[in-house]
Structure formats: structure tokens, C-alpha cells
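Q: I would like to learn how to read the features of a protein model one at a time. Could you take me through some of them slowly, giving the general idea before the case at hand?

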Amino acid sequence: MKMKMNWTYPLLAICTTIIFIIVWAFQTGGRKSMVCKSLPQDLGLEEKTQDMHSLIFDDLSPAEMIQVNRYLQQNLAVLLVDPSEAKPSDNCIYSITLQLPPKAEVLEFLDHQGRRPAREALVVVYFGNQNDPNITEFLVGPLPNPTYHRDITVEKYGGKLPYFRRFMLNNEIKEWNTFLKKEYQKAPNFMHKVFDYNRNNFMYFHAMPPGFESGDRLIWIFHFQNVSGFPLHPVGFEVLLDVSSLNISDWRVKKVFYNGQYFEDMEDIERQFNEGYVKVAKVEKSPPDGGYSSLKQRVPPKGPGPLHYEPRGPRYSITNNQVNFMSWSFSFGTDVLYGPRVFDIRFQGERIVYELSLQDALAVYGSNSPGLMRNRYMDLSYGLGSNIHTLTPGVDCPYLATYLDRHYFVDTSSPVTREASICISEQNAEVPIRRHYNMAQSPFYGGLVDSAVVFRSITSYVNYDYIWDFIFHQNGAVSVRSYASGYIQSSFFFGNASEFGNRVQEWVLGTIHTHSFQFKVDMDVGGKLLSITAVFPKCSIFISLLVAPDTVHWQNYFSLFLHSEHSMKFMASPYYGIIY
């Protein structure tokens with residue numbers, strides 16, 4: 001009995017120690033901070049230097065944006081209105097973003113210890129309160145404490161930018177809605193009996209571009225029920241606004257469309273409705289959650305699925321805007337209009353790509369309704385970068401990913417922070433880099449696991465969500481991959497609608513459309529004269545190449561792989577292309 005007691009206390013002590021270690025491991029080994037400036041890793045002098053050099057591509061900080069805004073407020077000698085209150089006839093600062101230095105200056109600095117290029121901001125200013133309203137672009141620098149600004153508009157575009165080319169301000173769109181509500185009062189009987197209108201039961205889309213001729217500001221406004229998932233609840237009512245004038249009191253309705261019929265204005269549709277000439281569609285009022293458009297799960301979850309796991313922690317490191325992963329290094333950023341981009345991509349210390357960046361996302365529609373039949377969205381005009389939002393761990397990215405904040409200054413009076421809107425993680429590629437099983441001789445197997453670092457962000461604007469991935473594989477391959485999600489943009493089902501898409505509900509047409517994604521690839525493979533423009537439409541991929549003589553040498557094997565309708569992969573690293 002005494003011997004048993006002698007063993008009891010040591011066993012209790014050992015068990016307590018084990019439990020303490022397990023609890024400590026779980027508490028310290030969970031999800032990383034949502035904001036990561038760096039991951040602890042011992043870096044050599046060369047890597048530290050490269051990390052500091054990466055700051056040349058780093059997005060503007062909120063402090064820099066504030067300084068630029070303050071400088072222009074004090075030095076432009078005009079009244080600048082807060083964009084949230086600006087009317088078309090006002091002056092305002094539309095956007096402040098990083099101005100990338102010329103490539104030649106950057107390479108001289110990175111590769112030959114040349115002078116560090118000045119850090120500058122590119123600022124877009126709307127001058128509506130002038131005799132000659134226009135859009136002006138300024139370079140402001142040097143940052144962080146600017147002392148000069150320079151108008152580069154004529155130098156960049158070959159002339160002044162006319163004011164009608166400006167992107168829409170959110171306040172301008174609000175003014176449209178206010179104007180529409182006043183117009184509705186001209187057709188009270190129609191609005192009440194057809195839509196049970198109560199000033200709050202509409203949501204809107206607007207068609208782009210605003211007209212067919214240069215100078216037009218003619219906007220078709222589509223109406224939807226104000227419920228969750230409203231893009232799937234059209235009501236068949238569209239209004240064409242002429243908002244060309246900078247004076248809001250001069251705006252007017254040019255045309256009204258309802259359920260296949262055109263009318264001159266709101267007074268006309270009211271008169272014809274009262275006379276019984278309007279064909280009314282009996283559209284049921286949808287519940288607040290949207291019913292069939294709700295994102296609520298239809299089937300109860302069956303329990304958690306498989307999870308991403310890093311047995312020894314992350315194998316990549318992040319310092320400032322620099323990522324190092326095995327043989328890879330690259331700098332990353334996000335442009336407020338163009339979206340995610342990476343620079344100075346190196347494999348085994350050799351630069352293979354100077355810039356790999358998203359340029360635009362287009363959507364071209366067809367329909368028998370007047371707005372969508374002319375719709376040609378160029379999503380950079382809405383901000384592919386400013387419309388990335390907080391990512392959800394375990395859904396949008398692995399739980400163990402590193403989440404980073406981004407900061408923007410567009411259509412605002414102060415910087416806006418999108419928390420955890422970028423994620424970086426190492427992921428198993430789910431297929432081996434190479435493998436072979438041989439039974440012809442003595443059975444043997446050889447294979448290599450493929451894992452890659454993924455730099456991801458997601459653009460969400462109104463109905464669409466675009467997932468952008470930049471992927472770096474261990475064998476020297478770089479992939480760009482995109483996914484489209486969210487809601488379709490629908491139109492009202494009437495007449496010959498089935499010729500323009502598919503019926504998804506009684507009054508809902510899933511309109512025919514094509515997506516097209518544009519990426520820029522500036523490659524430095526054995527030289528600096530190889531550039532690629534890649535366009536990814538929904539059904540095919542086009543790659544155009546400009547290759548200078550002797551640019552690609554045999555030891556720098558280069559190839560393009562078109563993997564899927566929304567994916568491009570290329571390799572440009574010494575000796576590694578042969579394994580593919």
C-alpha cells in the first residue's frame with residue numbers, strides 16, 4: 001500500500017504537467033492575429049534588404065493619405081467639398097492612392113543601389129465648380145510630408161479630361177434616388193396599386209455606360225423589391241434619367257418602361273394606367289428574407305469538415321508588404337480601383353515577374369429590357385480594390401491564414417480601413433507536382449507533394465463577389481485564379497425573355513452575359529522586354545505575347561498553361577520547367 005502511494009504523487013504531477021502543456025499549446029497555437037506586420041523569423045542581410053526595398057511598392061498608409069488630403073486642402077486655392085456632401089457642381093477630392101515610380105527607376109534602385117525614387121501619391125480631383133469643369137490628376141510628394149503637387153493630366157492623357165467622364169460619387173447616386181422619389185409623386189395611383197409603394201420598398205441597380213454617345217449622362221434605373229437577395233426580385237419597372245446637367249433642378253425623366261411597355265414620363269404612365277392601357281403583372285410581395293433568394297441554409301449542417309493544419313507553424317514569413325516562402329519572395333499591394341497586385345516576384349533570388357496585377361473585370365449583358373440590353377459593366381469604375389471587405393476565417397480563407405488590413409481613400413473625406421480583407425496562407429494543391437508508379441520492372445513509386453502560398457482577396461459589389469488568387473507553387477509555377485460568386489443580375493421575365501437567358505422564377509430572367517477578367521503580367525525572364533496581357537472571358541482565354549529577340553533563353557524555360565476557364569499558370573524559373 002505504501003509503495004502504491006509513492007507512485008501516486010509522481011503520476012499526478014506528470015499528468016498535471018501534460019495537461020498544462022496541451023492547454024498552453026492550444027491557447028498559443030490558434031488563429032493568428034487579424035493584423036500581421038511580420039512573423040518572427042531570422043532573416044539574412046539580403047532578405048532584410050529586400051524586405052525594406054519592398055516598401056517602394058507598399059500601399060499608402062492612413063497617415064500619408066491624411067497628409068496628402070490636408071496638403072491639397074491648403075494648396076489648391078479652391079473650395080473642396082466633402083465627397084459625402086458634394087453635388088455635381090462642387091469641387092472634391094475623389095481618390096488618393098499610391099503612384100508607382102517608373103520601372104526603370106525602381107530597377108536602378110533595387111538592382112544597382114541607385115537613388116530611391118520619391119514616394120508620391122496620385123490624386124484625382126473633380127473640379128465641378130469651374131467655368132470649365134474637368135477631372136484633374138495630381139502627383140503629390142514627397143511622402144510622408146508633401147511639399148509639391150503637379151498636374152499630370154495633359155501629359156498622361158494628351159489633353160484635359162472632360163467632366164462627364166467622372167466616376168459616380170455615392171452622394172450623386174443618393175441624389176438620383178431622391179429625385180426619383182419626387183418623380184413617383186407624379187404617378188400616385190400607379191405606384192400605389194401596382195407596387196404598394198411606401199417610399200422604402202425599392203432597391204436599385206443602374207445601367208452602365210451612361211449613354212451611347214460621348215458626353216451622355218443618361219442612366220437607366222432598375223427597380224427591385226427591397227428584400228434580402230433583392231437582385232433576384234425585379235418588378236419590371238425601369239426609369240431613364242437624364243442627369244447631364246450639373247444643376248440637379250434640371251434633371252429629368254426621359255423615358256419610363258414597365259412590363260414591356262414604354263412611356264414618355266411618370267405623368268404618361270399614370271394617365272395610361274388610369275385609362276386601363278397598362279398591362280399589370282401580378283408580382284407577389286416577397287418576405288423580408290427574400291424567400292427563394294435567402295442565403296439561409298436549406299439543409300442543417302452535418303458537422304465540421306476537414307480543416308487546414310500546419311504541423312510546425314507557417315513556412316512563410318511576412319514583413320511589411322513582403323512575403324518569403326521557400327524559394328519565393330514577392331511584394332503585394334492593392335490599388336483602390338484596379339484591385340490586388342504583386343511586384344518583384346523572385347524565385348531562388350531571380351526576378352521573373354516585375355508586376356502581376358488585376359486590371360479590370362467586365363460584364364456584358366443581353367436582355368429584352370432597355371437597361372440590361374445595353375449594360376456593359378467595367379468594375380474598376382466601382383473600385384475593385386476599395387470594395388474588398390472583411391474575410392471570414394474557415395469560409396473565405398483557412399482558419400490559420402494570416403489576415404491583413406487594407407486602407408483606402410476614395411469617395412470619402414478620411415481614410416477607410418477594411419479589416420482582415422486580405423489573407424495569405426499555404427495550401428495543399430490537392431494534386432502532386434509529379435508522380436509515377438512503375439510495375440514494368442521492380443515496383444517502385446516516386447512523387448512530390450505540391451503546396452503553394454496563396455495571396456487572396458475578394459471584391460464584393462452589390463450582387464457580385466469575385467475571388468482573386470495569386471498562387472506560388474514550389475516548383476516555380478505562378479498561377480492566377482478567379483471565381484465568380486454572389487447573385488446573378490436578373491431582369492423581369494416578360495414577352496420573349498426566354499431568348500435572352502433562363503427563367504429562374506415566375507417573373508425572373510437569368511440574363512445572358514459574359515464575364516471577362518484582365519490581368520497584366522510584366523515578366524523579366526532573362527531580360528526586361530517580355531510582357532503579357534491576359535484576358536479571361538467566361539468561355540475562353542486569350543493570351544497575347546510580346547517577346548523581344550533573345551529574351552527567353554534555354555535555361556529560362558518558359559511556358560503557359562491554361563488550366564480552366566478562369567485560370568492562368570506560367571513558369572519562368574531556371575531548370576524547373578522540365579518537370580512539367
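What follows is a dialogue on disulfides, a helix, salt bridges, a loop residue and a surface patch.

Q: Before we begin, what kind of model is this?

A: This is a predicted model, and that should be kept in mind throughout.

Q: How many disulfides does a search of the whole structure find, and which residues are joined?

A: The general idea is that a disulfide is a covalent bond between the sulfur atoms of two cysteines. In this structure the search finds one disulfide, and it joins Cys397 to Cys423, with an S to S distance of 2.0 Å. The pair links distant parts of the chain, 26 residues apart, with Cys397 in the loop between strand S16 and strand S17 and Cys423 in strand S18.

Q: Is this disulfide left-handed or right-handed, and why?

A: The torsion about the S-S bond of Cys397 and Cys423 is about -75°, and therefore the disulfide is left-handed.

Q: Are Cys397 and Cys423 buried or exposed?

A: Cys397 and Cys423 are both buried. Another cysteine to look at is Cys92, which has a relative accessible area of 1% and is therefore buried, since the cut-off for that word is under 20%.

Q: Turning to a helix, which residues of helix H8 are buried, and what do they pack against?

A: A helix can be read by asking which of its residues are covered and what lies against them. Helix H8 spans residues 266-274, and its buried residues are Met266, Asp268, Ile269, Glu270 and Phe273. These buried residues pack against helix H6, helix H7, strand S8, strand S9 and strand S10.

Q: What caps the N-terminal end of H8, and which residue follows the helix?

A: The cap is Asp265, which places a side-chain oxygen 3.2 Å from the backbone nitrogen of Glu267. After H8 comes Gly276, whose phi is positive, near 85°.

Q: Which residue forms a salt bridge with Lys520, and where does each partner lie?

A: The partner is Glu355, and the closest N and O atoms of the pair are 3.1 Å apart. The pair links distant parts of the chain, with Lys520 in strand S26 and Glu355 in strand S15, 165 residues apart. Lys520 counts as partly exposed at 34% relative accessibility, while Glu355 is buried, with a relative accessible area of 8%. Elsewhere, salt bridges that share partners join Asp111, Asp344, Arg346 and Arg351 into one network.

Q: Where is Asn201, and what does its side chain reach?

A: Asn201 is in the loop between H7 and strand S6, and at 15% relative accessibility Asn201 counts as buried. Its side chain reaches the backbone oxygen of Asp196 at 3.0 Å. Leaving aside neighbours within four places in sequence, the contacts of Asn201 are Phe195, Asp196, Phe224, Gln225 and Asn226.

Q: Finally, which residues make the nonpolar surface patch of about 380 Å²?

A: That patch is made by Tyr437, Met439 and Tyr445. Tyr437 is in strand S19 and is partly exposed, with a relative accessible area of 43%, while Tyr445 is in strand S20 and counts as partly exposed at 48%. Beyond its neighbours within four places in sequence, Tyr437 is in contact with Pro443, Phe444 and Tyr445. Tyr437 and Gly447 are 10 residues apart in sequence, and their C-alpha atoms are 8.6 Å apart in space.

Conventions
Residues are numbered from 1 along each chain as its sequence is written. This is a predicted model: local features need pLDDT of at least 70, side-chain atom pairs count only at pLDDT 80 or more; totals for chains, interfaces and linings use all residues. Side-chain values use heavy atoms; hydrogens and water are left out. Patches are made of residues with over 30% relative accessible area and no salt bridge: like charges are joined within 9 Å, nonpolar side chains (Val, Leu, Ile, Met, Phe, Trp, Tyr) within 5 Å. Accessible areas come from the Shrake-Rupley method with a 1.4 Å probe; for residues, only the protein chains shown count as cover. A salt bridge is a side-chain nitrogen of Lys or Arg within 4 Å of a carboxyl oxygen of Asp or Glu. Helices (H or I, at least four residues) and strands (E, at least two) are DSSP runs, numbered from the N terminus. Buried means under 20% relative accessible area, exposed over 50%, partly exposed in between (1.4 Å probe, protein chains only). A disulfide is a pair of cysteine sulfur atoms within 2.5 Å. Contact means heavy atoms within 4.5 Å. A polar contact is a pair of N or O atoms within 3.5 Å; within protein, one must be able to donate a hydrogen and the other to accept it, and residues adjacent in sequence count only if both atoms are side-chain atoms.
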